[in-house]
Each structure stands twice: as structure tokens, then as C-alpha cells.
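The following note is meant to be read beside the model, one point at a time. Please keep the sequence and the structure in view throughout.

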Amino acid sequence: MHELSITQSIVEACNERAAGARVLRVTLEVGSLSCVMPDALRFCYEVVCEGTPLQGSTLEIIRIPGLSRCHDCGATVQMDDLLSSCHCGSINLERPRGGDQLRIKSMEIEEAA
């Protein structure tokens, strides 16, 4: 499960950026073609956050689809997975654009009193 090492990297990066402040929420953009499973990320996140300033924080995941174009009818196709097809039934699609990203979009921290 590569999601564990990905989650460890996310938590380390957020912990470093928060500089000791308590983190309330982390928002990730996860491409639907990135081969990263959001449910596995959520599970790993809770475990990896234990004992860190991120413990108890919320993980928000925004799925980003890939886009392609059908060679047969010219339609734009939203690709939610690598086996997506056009509404016309064709699988003759251009190489997808986007949908493979994984990035920390934002982080909400608790203000110091």
C-alpha cells in the first residue's frame, strides 16, 4: 500500500509548514488517474497523524478528473479512471490531460491565543 508512504510525506510536510501550530484541516487534490485510493489515504491519515500536531485534524480530498478527447466523435471526455470511454461508446481517446496530480491544496491551522 503506497498510500501509507504518501500519507507520511503529506503529514511531514504539513507538520513542518505548521511550525508546531495545531492543524485543523488539510485539503488535498487527488487526480482520479493518479492510482491513489482516497479511502486508503483517509485510513492512513488517521494513523500517521497520531502524536503529531495534525492529530484530530480533518482530511478533505478533492477528486480531479482527467480530460481527454474522443478521436471518433471529437467530444471532450471526463476520465474518472483509466478505463473511461466516450459517451458515443468509443475507447479511442487521446492521452489524458491532468487527473494524475496529488498535491496539498491548503492547510488550516489554529490561531495562537
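**Notes on a predicted model**

1. Threonine 7 has its place in helix H1. Threonine 7 counts as buried, because its relative accessible area is 1% and the cut-off for a buried residue is under 20%. Leaving aside residues up to four places away in sequence, threonine 7 touches Leu41, Cys44, Tyr45 and Val48.

2. The length of the helix can be checked next.

3. Which residues of H1 are buried? They are Glu3, Ile6, Thr7, Ile10, Val11, Cys14 and Ala18. These residues cover an arc of only 130 degrees around the axis, and therefore lie on the same side of H1.

4. The buried residues of H1 pack against strand E1 (23–31), helix H2 (38–49) and strand E5 (102–109). On the face turned away from the buried side, H1 carries the exposed residues Glu12 and Glu16.

5. Alanine 19 follows H1 and lies in the loop between H1 and E1. Its phi is near 50 degrees, which is a positive value in a residue other than glycine. Alanine 19 counts as exposed, because its relative accessibility is 68% and the cut-off for an exposed residue is over 50%.

6. Cysteine 35 is found in the loop between E1 and H2, and its phi, near 65 degrees, is a positive value in a residue other than glycine. With a relative accessible area of 54%, cysteine 35 is exposed.

7. The strands E3 and E4 deserve a separate point. E3 and E4 pair in the antiparallel sense over 4 bridges, and serine 68 stands opposite valine 77 in E4. The two strands form a hairpin with 6 residues between them. Within the turn, glycine 74 has a positive phi of about 85 degrees. The covered face of E3 holds Gly66 and Ser68, whereas its uncovered face holds Leu67 and Arg69.

8. Which residues does UniProt list for "binding site"? The unreviewed entry gives Cys70, Cys73, Cys86 and Cys88. The annotation comes from the record and may be inferred rather than shown by experiment.

9. Two of the listed cysteines can be examined individually. Cysteine 70 lies in the loop between strand E3 (66–69) and strand E4 (76–79), and cysteine 73 also lies in the loop between E3 and E4. Is cysteine 70 buried or exposed? Cysteine 70 counts as buried because its relative accessibility is 0%. Cysteine 73, by contrast, is partly exposed, with a relative accessible area of 40%.

10. Not counting residues up to four places away in sequence, cysteine 70 touches Ala75, Val77, Cys86, Cys88, Ser90, Asn92 and Leu93. With the same exclusion, cysteine 73 touches Cys86 and Cys88.

11. Serine 90, one of the contacts of cysteine 70, lies in the loop between E4 and E5. Serine 90 counts as buried, because its relative accessibility is 9%. Apart from residues up to four places away in sequence, serine 90 touches Cys70, Asp72 and Ser85. Along the chain, serine 90 and aspartate 72 are 18 residues apart, while their C-alpha atoms are separated by 6.9 Å. The side chain of serine 90 also reaches the backbone nitrogen of asparagine 92 at 2.9 Å.

Notes. Residues numbered from 1 in each chain as written. Predicted model: local features only at pLDDT ≥ 70, side-chain atom pairs only at ≥ 80, totals over all residues. Heavy atoms only, no water. Buried < 20%, exposed > 50% of the residue type's maximum accessible area, 1.4 Å probe, protein only. Arc of directions from axis to C-beta. Contact = heavy atoms within 4.5 Å. Polar contact = N/O pair within 3.5 Å; in protein donor to acceptor, adjacent residues only side chain to side chain. Pairing = 2+ DSSP bridges.
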